[in-house]
Amino acid sequence: MKDISLHILDIMENSVRGGASRIEVNIKVSDDNHLLIIQIIDNGRGMDQETVAHVNDPFFSTRSTRKIGMGLSLFQQQAEQTGGEFKIKSEQAKGTEVDASFVLNNIDRQPLGDVAGVIVNLSASYPDIDVVFDVSTSAGNYHFSSYEISKILGAVPLNNPDIMLSLKEIIETSLIDIKIIN
C-alpha cells in the first residue's frame with residue numbers, strides 16, 4: 001500500500017466485516033515525540049486470543065475466499081520500519097483496537113494520503129455505521145461523525161455526490177487548517 005490512508009481503509013473494511021456499528025479513526029501528531037499516531041477502534045465481533053496471536057502473519061486470514069491477509073502485517077511493517085510501534089487489542093463481542101505510530105521525520109514514513117476520501121467514502125457506503133474521525137495536532141483539533149452529519153442533513157443521504165464532494169472538501173480544508181502532515 002502506497003500511503004497510510006489505504007491501511008486505514010483496509011482496517012476499516014475489516015471492522016465492517018466484523019459487524020461494527022461504530023468505527024473510530026483517531027490521528028494525533030505528537031510534536032514532543034515526533035510521532036504520527038493512528039488509532040482505529042471498532043465495536044465489532046472482536047477476535048479470540050488465538051486469532052489475535054496470528055493476525056500479523058501475512059499468510060493467515062479468517063476469510064474463506066483467500067488464504068492470506070496482508071493488511072495488518074503490512075501496516076505493522078510500515079510503522080516499525082520508521083522506528084514506530086504497532087499494537088492490536090481485541091476481545092470477542094467487544095471489538096478491536098489497532099494502534100500504530102510512525103516516526104514523523106523518518107525517510108521511510110509513508111505519506112498520510114487521501115484520508116478525507118477514505119472517511120467520506122466509507123461513511124457514504126455504510127450509512128448504518130457511525131464513522132468517527134478525530135484529528136489532533138498542536139495547531140488544533142478536528143472532529144467528524146457520520147451520524148452527526150446525517151442528523152444535520154435529514155433526508156439528504158451521505159452518498160449524494162454533492163454531499164460527498166462537500167464533505168471531502170470540508171475535511172481536507174480542516175486538516176490543512178490544523179496543519180496535519182502528509
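At 25% relative accessibility, K168 counts as partly exposed, a class that lies between buried (under 20% relative accessible area) and exposed (over 50%), with a 1.4 Å probe and protein chains only. This residue belongs to a predicted model, in which local features need pLDDT of at least 70 and side-chain atom pairs count only at pLDDT 80 or more, while totals for chains, interfaces and linings use all residues. Residues are numbered from 1 along each chain as its sequence is written, and side-chain values use heavy atoms, with hydrogens and water left out.

**Salt bridges**

- The structure holds 7 salt bridges, each defined as a side-chain nitrogen of Lys or Arg within 4 Å of a carboxyl oxygen of Asp or Glu.
- K168 pairs with D114, the closest N and O atoms being 3.3 Å apart.
- Because D114 lies in the loop between β4 (95-103) and α4 (115-125) and K168 in helix α6 (residues 161-177), this pair ties together parts that are 54 residues apart in sequence.
- D114 is partly exposed, with a relative accessible area of 35%.
- Salt bridges that share partners join R22, E24 and D130 into one network.
- D130 lies in strand β5 (residues 130-137) and R22 in strand β1 (residues 22-30), so the pair ties together parts that are 108 residues apart in sequence.
- D130 counts as buried at 7% relative accessibility, whereas R22 counts as partly exposed at 34%.

**Fold and overall dimensions**

- The protein chain comes to 6 helices and 6 strands, taken as DSSP runs numbered from the N terminus (helices H or I, at least four residues; strands E, at least two).
- Along the sequence, these elements follow the pattern α-β-β-α-α-β-β-α-β-β-α-α.
- The radius of gyration of the protein chain is 16 Å, which agrees with the value near 16 Å for a compact globule of 182 residues; the radius is taken over C-alpha atoms, and the globule rule is 2.2 Å times the number of residues to the power 0.38.

**Burial and contacts**

- Buried residues make up 46% of the 182 residues in the protein chain.
- Of the contacts (heavy atoms within 4.5 Å) with a separation of 6 or more, 61% are between residues 24 or more positions apart.
- H7, which lies in helix α1 (residues 4-17), counts as buried at 1% relative accessibility.
- Leaving aside residues up to four places away in sequence, H7 touches M1, G71, L74, F75, Q78 and Q110.
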